[in-house]
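Here is a short note to read beside the structure. Please keep the 3D view open and check each point as you go.

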Amino acid sequence: MAKKHNKVNPEDSRNIAERNFEPENYTGNTQFDKGMAETHEQVSDDYHEGTIDRKLKE
């Protein structure tokens, strides 16, 4: 039985790839908004935490 491949529209991919985080993502209902808000939170937490060895900059 042959596998069915879903083709992605290149224009749709380009539209998503060109988007950036916006504060409105925290209140959005789409999967994209939720993902951007969660990723922003993770990056922000890591940035404020310091270096990988947990040493904060002085």
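1. Start with the surface. This is a predicted model. The chain exposes about 5,900 Å². Carbon and sulfur atoms supply 51% of that area.

2. Now turn to burial. The chain has 58 residues, and buried residues make up 7% of them.

3. Next, the fold elements. The chain has two helices and zero strands. The helices are α1 (10-17) and α2 (31-49), and the loop between them holds Asn 25.

4. Look at Asn 25 itself. Is Asn 25 buried or exposed? Asn 25 is buried, because its relative accessible area is 4% and buried means under 20%.

5. Which side chain does the side chain of Asn 25 meet in a polar contact? The partner is Asp 33, and the distance is 2.6 Å.

6. Then find the rings. The structure holds one aromatic pair. Phe 21 and Tyr 26 form this pair, with 5.6 Å from centre to centre. The angle between the planes is 80°. The pair counts as edge-to-face because planes over 60 degrees apart are classed that way.

7. Phe 21 has 24% relative accessibility, so Phe 21 counts as partly exposed. Tyr 26 is partly exposed too, with a relative accessible area of 40%.

How values were computed: Residues numbered from 1 in each chain as written. Predicted model: local features only at pLDDT ≥ 70, side-chain atom pairs only at ≥ 80, totals over all residues. Heavy atoms only, no water. Phe/Tyr/Trp six-rings, centres within 6.5 Å; stacked < 30°, edge-to-face > 60°. Buried < 20%, exposed > 50% of the residue type's maximum accessible area, 1.4 Å probe, protein only. Helix = DSSP H or I, 4+ residues; strand = E, 2+ residues; numbered from the N terminus. Polar contact = N/O pair within 3.5 Å; in protein donor to acceptor, adjacent residues only side chain to side chain. Areas by Shrake-Rupley, 256 points an atom, 1.4 Å probe, with all protein chains shown as cover.
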